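Visitor: Please bring up the model. I would like to go through its side chains and backbone with you.

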Amino acid sequence: MSKRKTLVVGVGLTKFVKPHSKNWDYPEIGLEAARNALEDAGINYQLVDAVVVSHVYGESTSGQKAVYGLGLTGIPIFNTNNNCSSASCALMLSKILVQSGDYKCVLALGFEKMDRGLTVKWNDRLHPSQAHFDYMRKLGVSAENIPSLESFTSDVLKVYAYGAREHAKKYGTTKEQHAKIAYKNHYQSQYNPKACLQKVFSMQSIMSQVICAPITLAMCALTADGGAAAVICSEDFMDKYNLKSKAVEIISQKMVTDLPSSFNGSLLSIGGYDMAKKAAQDCFADSGLSIHDIDIIELHDCFACNEVVNYVNLVVDGMLTLMVDWNLKDILLVLLGWHSVPRLLISSEEMLVYGK
């Protein structure tokens with residue numbers, strides 16, 4: 001039996017801002033994103049059968065508090081918290097609900113109201129990522145905090161910094177290549193009115209202010225307050241409300257959690273290298289497509305080196321220079337030198353969940 005099609009028919013964003021820089025709270029953030037998505041779809045909230053809400057920094061049922069601003073319709077509202085993959089999980093769960101046939105239209109909503117840096121809210125219990133940090137130390141990484149950073153932020157940054165060092169030793173990747181990724185991303189920000197930081201950085205400035213080699217300040221993603229939403233529906237719903245002209249099908253989406261290889265002696269694997277690779281392979285197997293069918297790739301880049309590693313991960317181990325040594329201002333040259341209008345758009349963002 002073939003799977004039911006699931007389609008994105010509306011999306012919405014808030015502008016992202018630095019934490020504590022704007023006087024707004026998470027219900028306002030979530031409501032703005034949700035309203036923008038519904039407006040983009042051209043439907044009202046009364047047509048939505050369920051909502052899946054993602055957030056990390058918030059109390060239980062924060063989703064209900066935000067969504068109730070749209071109206072009290074009595075529909076199911078689910079909350080999901082899965083670190084950096086939370087928004088992807090909201091989208092995936094919405095897709096699953098629609099594919100089940102029990103729901104025709106589902107709103108996926110994500111919002112965050114953060115601190116300046118990654119913070120731990122519960123200090124009286126074991127942190128879910130502690131096993132990864134302990135194993136990192138077992139492999140020889142110092143437990144000493146990076147100067148000016150609190151413990152959790154320091155450990156997360158070291159996971160990727162030391163993974164990047166391992167990758168460089170194995171494949172010869174360079175700091176300049178990491179800087180090119182950061183340059184590309186900052187360069188594009190000037191054209192995105194929703195971006196938190198709309199500023200172009202020179203290669204020289206990107207390579208300065210080293211925090212934990214090879215990662216510099218400009219190679220780090222900012223913490224920010226903001227929200228996003230998407231309207232997911234069935235093919236029948238799309239046809240009934242004449243939404244075909246704006247519909248984008250989700251062809252495949254997969255989630256992977258820790259594998260035995262996460263603790264196999266590799267710093268790269270602690271940071272999700274094998275998980276991301278398997279997620280991509282699962283998507284390709286499920287869709288019947290290959291890397292050669294993809295025109296645009298959007299990768300999660302918490303740190304520039306993580307984007308570099310996962311470009312390589314999607315093609316062939318070590319095949320890096322071909323990917324990132326492009327003309328820096330040629331933004332269309334995303335992968336393998338394509339300049340044509342995209343034949344296909346697939347979001348293959350990896351979904352990494354840490355917890356042992």
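Guide: Start with lysine 278, which forms a salt bridge with aspartate 282. A salt bridge here is a side-chain nitrogen of Lys or Arg within 4 Å of a carboxyl oxygen of Asp or Glu. In this pair the closest N and O atoms are 2.9 Å apart.

Visitor: What should I know about the source and the numbering?

Guide: This is a predicted model, where local features need pLDDT of at least 70, side-chain atom pairs count only at pLDDT 80 or more, and totals for chains, interfaces and linings use all residues. Residues are numbered from 1 along each chain as its sequence is written, and side-chain values use heavy atoms, with hydrogens and water left out.

Visitor: In which helix do lysine 278 and aspartate 282 lie?

Guide: The two residues are four apart, about one turn of the helix. Helices are DSSP runs of H or I with at least four residues, strands are runs of E with at least two, and both are numbered from the N terminus. The helix holding both residues is H10 (residues 273-287).

Visitor: Is lysine 278 buried, partly exposed or exposed?

Guide: Buried means under 20% relative accessible area, exposed over 50%, and partly exposed in between (1.4 Å probe, protein chains only). Aspartate 282 has 24%, so it is partly exposed. Lysine 278 has 33%, so it counts as partly exposed.

Visitor: How many residues apart are glutamate 307 and lysine 184?

Guide: Their side chains meet in a salt bridge of 3.0 Å, N to O. The pair links distant parts of the chain, with glutamate 307 in helix H11 (residues 304-314) and lysine 184 in helix H6 (residues 175-189). The separation is 123 residues.

Visitor: What is the relative accessible area of aspartate 124?

Guide: Aspartate 124 forms a salt bridge with arginine 125, with the closest N and O atoms 2.8 Å apart. Arginine 125 counts as partly exposed, at 48%. Aspartate 124 is exposed, and its value is 62%.

Visitor: How many salt bridges does a search of the whole structure find?

Guide: Some are joined up: Arg137, Asp155 and Lys158 are linked in a network of salt bridges. For the whole structure, the search gives seven.

Visitor: Which residue has a positive phi of about 70° although it is not a glycine?

Guide: Most residues other than glycine have a negative phi, and most peptide bonds are trans. Asparagine 83 has a positive phi near 50°, and it lies in the loop between strand E3 (77-80) and helix H3 (86-100). The residue you want sits in the loop between strand E1 (6-13) and helix H1 (26-41). With phi of about 70°, it is histidine 20.

Visitor: What is omega for the peptide bond from alanine 213 to proline 214?

Guide: Proline 214 lies in the loop between strand E5 (210-212) and strand E6 (215-216). The bond from alanine 213 is cis, with omega near 5°.

Visitor: Where is tyrosine 171 found?

Guide: Tyrosine 171 is partly exposed, with a relative accessible area of 24%. Its place is helix H5 (residues 151-171).
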